[in-house]
2 protein chains.
Amino acid sequence: MTKGIMANRICELLGIKYPIVQGGMVWCSGWELASAVSNAGGLGLLGAGSMYPEILRDHIRKCKAATDKPFGVNVPLMYPQIEEIMKIIVEEGVKVVFTSAGNPKAWTSFLKEKGIKVVHVIANGKFAQKCEEAGVDAIVAEGFEAGGHNGKEETTTFCLIPHIRQVTSLPLIAAGGVVTGRNVLAAMALGAEGVQVGTAFALSAESSASDEFKRRCLNLPEGETKLSLKKVSPTRLVKNEFFQQIYDLECKGASADELKEIMGKGRPKKGMFEGNINEGMLEIGQGATLVKEILPVSEIMKNMVAEYNAVLGGLQGL
Amino acid sequence: MTKGIMANRICELLGIKYPIVQGGMVWCSGWELASAVSNAGGLGLLGAGSMYPEILRDHIRKCKAATDKPFGVNVPLMYPQIEEIMKIIVEEGVKVVFTSAGNPKAWTSFLKEKGIKVVHVIANGKFAQKCEEAGVDAIVAEGFEAGGHNGKEETTTFCLIPHIRQVTSLPLIAAGGVVTGRNVLAAMALGAEGVQVGTAFALSAESSASDEFKRRCLNLPEGETKLSLKKVSPTRLVKNEFFQQIYDLECKGASADELKEIMGKGRPKKGMFEGNINEGMLEIGQGATLVKEILPVSEIMKNMVAEYNAVLGGLQGL
């Protein structure tokens with residue numbers, strides 16, 4: 001055990017001290033959160049999914065001003081004005097892009113030609129191989145317990161990571177349920193070389209989500225989230241009035257179009273940013289049960305690293 | 001790292017070398033499997049759930065003849081002739097009972113008065129506390145990825161184990177997705193003191209399941225199992241003709257009684273024991289994706305321990 005000087009491919013690739021990436025989440029991860037994570041030794045990501053292009057440019061500039069450490073942008077590939085987003089990323093000199101919810105071939109070579117590192121988010125082995133073909137630098141494999149958008153296979157982090165470790169030699173980041181230092185260590189034991197943390201940072205002091213949303217999710221009772229909207233795009237939601245509407249419709253066999261009509265526009269913003277916890281769409285992972293209080297990012301990172309090292313020190317051989 | 005001499009509460013409680021328990025599974029875990037696991041240094045369990053009382057007595061006697069190591073019996077508490085089963089367990093001098101699918105208060109004091117160790121299977125924190133009140137010796141916390149009967153909350157092993165570790169100080173065994181040495185080590189990192197392994201042993205040479213069932217489950221494609229029958233008793237099933245019938249009915253909002261009628265009697269036996277992989281009920285965990293070949297128990301254990309130690313040796317501090 002080489003304590004305090006971890007040499008691994010994720011740290012080297014991304015130029016970070018700890019192999020801990022903050023997930024790029026809609027309505028949570030603006031420049032305050034991303035720069036706080038980067039300043040604490042991880043990799044912060046701006047979540048482009050909930051930003052108009054010029055808003056993203058503004059956040060990139062503010063993030064650069066707030067940290068001299070590396071940070072990145074997460075781009076969901078179904079984003080409508082994606083050409084504009086990619087243009088801004090290049091113009092502003094962003095060094096790392098995490099792409100998700102789409103085909104890794106779409107933008108990888110464009111970004112890599114500009115010298116930008118590309119990491120793609122997957123939920124199964126088939127996409128791990130597509131990522132190899134596309135030439136991405138690393139992958140995030142995300143399990144069923146993760147908040148927000150998720151894979152159709154429902155494979156959990158505990159089963160997904162060893163499987164992906166077997167099917168590809170690409171640098172591998174584990175996501176889904178990574179909240180505490182124990183989770184980080186377990187992810188490494190499963191074969192990951194780094195972790196992506198969403199829920200714990202969505203509920204941090206620097207997250208731009210509303211206090212109402214954060215308080216609703218803290219200490220979340222077990223079973224209070226559910227993977228929903230499978231016909232539209234599988235998404236883990238907190239059980240509230242809006243969820244119940246969706247759930248009842250799904251039980252009656254509603255089509256994707258019917259579901260989209262009920263959802264309407266702006267549900268995630270209403271729930272997570274504006275704090276309407278009954279009518280809004282609340283995206284959070286199962287790991288919210290493990291989050292007990294709203295802490296600054298620096299403390300979250302410190303606790304995570306301390307628990308990781310303490311638990312590692314106590315593990316025994318068989 | 002104290003290699004080769006693990007001192008932990010699960011090993012001490014159960015009198016075993018490795019803190020690895022074989023799950024008591026219907027139609028898979030008779031005396032051949034249980035004695036093989038005990039002889040390899042783990043704890044074998046006879047699965048009473050698929051045995052008539054006198055069949056169980058026969059398996060207990062054969063198991064005693066096949067190993068001088070400790071073994072136990074798993075008793076689902078919804079078993080119809082449970083008084084008879086418990087009487088046989090006492091008469092035959094069984095030392096360890098794992099109870100599941102019911103209230104831990106029902107039989108714990110009866111068994112403990114006879115000097116029998118009691119371990120109860122749970123899937124949430126509320127039942128962890130009921131187990132403390134009931135005075136059980138240890139608990140198994142089982143995640144969403146596990147095969148067969150499962151919790152309603154859908155909490156995955158990765159999120160469940162650290163949570164249960166926080167709510168109780170009882171000796172804790174992790175279950176659900178534990179297939180490889182990586183999984184065992186990750187479970188320990190999450191806060192478990194031992195593991196219960198179902199799927200990997202269900203697909204071993206000594207499992208009494210049919211070859212057809214084993215071959216269907218080997219290398220199982222991702223997404224090929226699903227937690228079903230939530231209105232009856234949530235059960236993870238392989239997707240086959242029978243599953244599809246159930247699934248279609250569930251989508252149409254069928255009641256528990258309607259589902260039970262379609263299921264009829266003997267579906268698990270038909271699928272797992274008789275090898276009718278289309279019409280039978282096939283219970284297996286998500287971890288089947290990680291099982292590549294049918295091996296004898298001794299090799300499975302050897303591989304698991306070797307991988308555990310190798311991965312532990314390579315983990316770095318932060």
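A crossing of two helices is called left-handed if the near helix is turned anticlockwise from the far one by less than a right angle, and right-handed if it is turned clockwise. In this predicted model, the crossing of α8(A) and α14(A) is right-handed. Helix α8 (residues 181-190) of chain A packs against helix α14 (residues 297-314) of chain A at an angle of about 60°, and their axes are 7 Å apart; α8(A) and α14(A) are therefore oblique to each other.

On the α8(A) side, the residues that meet α14(A) are A:G181, A:R182, A:V184 and A:L185, while α14(A) contributes residues including A:N303, A:M304, A:Y308 and A:L312. By class, the residues of this contact between α8(A) and α14(A) are eight nonpolar, two polar and two charged.

Chain A as a whole holds 14 helices and eleven strands, and its C-alpha trace spans about 55 × 45 × 40 Å along the principal axes. A compact globule of 318 residues would have a radius of gyration near 20 Å, and the 18 Å of chain A agrees with this. Of the 318 residues of chain A, 57% count as buried, and among its contacts between residues at least 6 apart in sequence, 64% join residues at least 24 apart.

Between the chains, 48 residues of chain B are in contact with 48 residues of chain A. The elements giving two or more residues to the chain B side of this contact are α7 (157-167), α8 (181-190) and α14 (297-314) of chain B, and the largest share, seven residues, comes from α8(B). The classes on that side are tabulated below.

| Class, side of chain B touching chain A | Number of residues |
|---|---|
| Nonpolar | 20 residues |
| Polar | 21 residues |

How values were computed
Residues numbered from 1 in each chain as written. Chains lettered and ligands numbered in written order. Predicted model: local features only at pLDDT ≥ 70, side-chain atom pairs only at ≥ 80, totals over all residues. Contact = placed C-beta atoms within 7 Å. Helix = DSSP H or I, 4+ residues; strand = E, 2+ residues; numbered from the N terminus. Nonpolar A, V, L, I, M, F, W, Y, C, P; charged D, E, K, R; others polar. Axes fitted to C-alpha atoms, helices over the stretch in contact; angles between N-to-C directions. Parallel < 35°, antiparallel > 145°, perpendicular 65-115°, else oblique. Rg over C-alpha atoms; globule rule 2.2 N^0.38 Å. Buried ≥ 20, exposed ≤ 12 C-beta atoms within 10 Å, placed from the backbone.
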